[in-house]
Amino acid sequence: MSGENNKKEQFAADTSGRTWKEWVKALIILLAGLTIAHLGVTLFLLSEMGTDTFTVFIQGLARAAHLTVGTMHVIILVILMAVMLFTTKGYVKPGTVVCAFCGGPIIDFFSWLFRNYINGNSVMAVRICSMIAGCGILALGMSVVINSNAGTGPNDLVAIILSDKFAKVEFRWVRVACDLFFVVLGFLLGGTVGIGTVVAVFLTGPLVQFWLPRTKKIVESIMHERT
């Protein structure tokens with residue numbers, strides 16, 4: 001089979017031997033990827049054609065528990081991190097915490113920057129392009145975050161861990177299955193589902209898999225640069 005399938009354990013690769021300089025470099029790469037990913041999330045959300053899959057789940061839980069989406073988001077991410085920390089090895093890293101707490105401010109910034117140009121009142125062509133571009137940019141950013149091997153968001157780690165455990169199944173299909181699970185459960189709990197949600201379910205996983213080997217080369221070349 002392809003080299004990608006033989007190296008799926010890259011997601012949980014040991015980083016104990018990294019120097020502090022290598023960690024700084026890896027976290028900078030992660031922040032760059034996180035910024036790219038959340039630009040995609042923002043474009044996706046501003047199109048107002050349905051929220052991303054994980055947000056549907058968070059919305060449903062928040063409405064059922066009568067809490068704000070932001071509060072429920074933090075609660076779920078903390079729970080996921082705790083479970084992964086005690087049940088897996090090598091997945092929860094410093095970058096996981098960064099992803100959990102930096103994503104919101106980045107989305108707020110990009111929303112402020114683009115809200116007057118892309119919103120529910122924009123022509124449909126603009127909204128559709130924003131939604132599709134958002135999915136592609138989100139997947140690109142996710143691949144950079146994953147390849148930094150400094151940690152990734154707890155919600156994204158769900159698909160990554162399962163992909164490593166079920167090595168015969170390609171990452172794209174594991175991601176699609178996880179997204180479908182979040183959407184169905186979130187919808188049953190009262191979360192909002194739209195055409196953009198359906199697009200996210202079937203595009204995000206395959207696009208992440210497309211970007212992974214391409215961004216891996218770039219990340220490795222940066223990590224191996226002599227300073």
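Student: Which residues in helix 4 meet residues in helix 7?

Tutor: Please note that this is a predicted model, in which local features need pLDDT of at least 70, side-chain atom pairs count only at pLDDT 80 or more, and totals for chains, interfaces and linings use all residues. Residues are numbered from 1 along each chain as its sequence is written, and side-chain values use heavy atoms, with hydrogens and water left out. Contact means heavy atoms within 4.5 Å, and helices are DSSP runs (H or I, at least four residues) numbered from the N terminus. Here Leu77, Leu80, Met81 and Met84 of helix 4 meet Pro154, Asn155, Leu157, Val158 and Ile161 of helix 7. This contact divides into eight nonpolar residues, one polar and no charged.

Student: How are these classes assigned?

Tutor: Ala, Val, Leu, Ile, Met, Phe, Trp, Tyr, Cys and Pro count as nonpolar; Asp, Glu, Lys and Arg count as charged; the others, Gly among them, count as polar.

Student: At what angle do the axes of helix 4 and helix 7 cross?

Tutor: Axes are lines fitted to C-alpha atoms, for helices over the stretch in contact, and angles run from 0 to 180 degrees between N-to-C directions. The axes of helix 4 and helix 7 come within 9 Å and cross at roughly 40°. That makes helix 4 oblique to helix 7. Angles under 35 degrees count as roughly parallel, over 145 as roughly antiparallel, 65 to 115 as roughly perpendicular and the rest as oblique.

Student: Are helix 3 and helix 8 roughly parallel or roughly perpendicular to each other?

Tutor: Their axes come within 7 Å and cross at roughly 30°; helix 3 and helix 8 are therefore roughly parallel. A crossing is left-handed if the near helix is turned anticlockwise from the far one by less than a right angle, and right-handed if clockwise. Helix 3 passes helix 8 in a left-handed crossing. The residues of this contact comprise ten nonpolar, three polar and one charged.

Student: Is the crossing of helix 2 and helix 5 left-handed or right-handed?

Tutor: That crossing is right-handed. Helix 2 and helix 5 pack at an angle of about 45°, with their axes 8 Å apart, and are therefore oblique to each other. The residues of their contact divide into 17 nonpolar, six polar and no charged.

Student: How much space lies in the largest pocket?

Tutor: On a 1 Å grid over the protein atoms alone, where a 1.4 Å probe is used, a pocket is an open set of points with protein on both sides within 12 Å along at least five of seven lines; lining residues have an atom within 4 Å of a point. Grid points are joined across faces, edges and corners, and a volume is the space filled by probe spheres set on the points. The largest pocket holds about 790 Å³. Of its 38 lining residues, the closest to its centre are His38, Val41, Thr55, His73 and Ile107. Helix 5 gives the largest share of the lining, seven residues. By class, the lining has 21 nonpolar, 13 polar and four charged residues.

Student: What is the phi of Glu48?

Tutor: Glu48 has a positive phi of about 50° although it is not a glycine, and Glu48 lies in the loop between helix 2 and helix 3.

Technical notes: Helix = DSSP H or I, 4+ residues; strand = E, 2+ residues; numbered from the N terminus.
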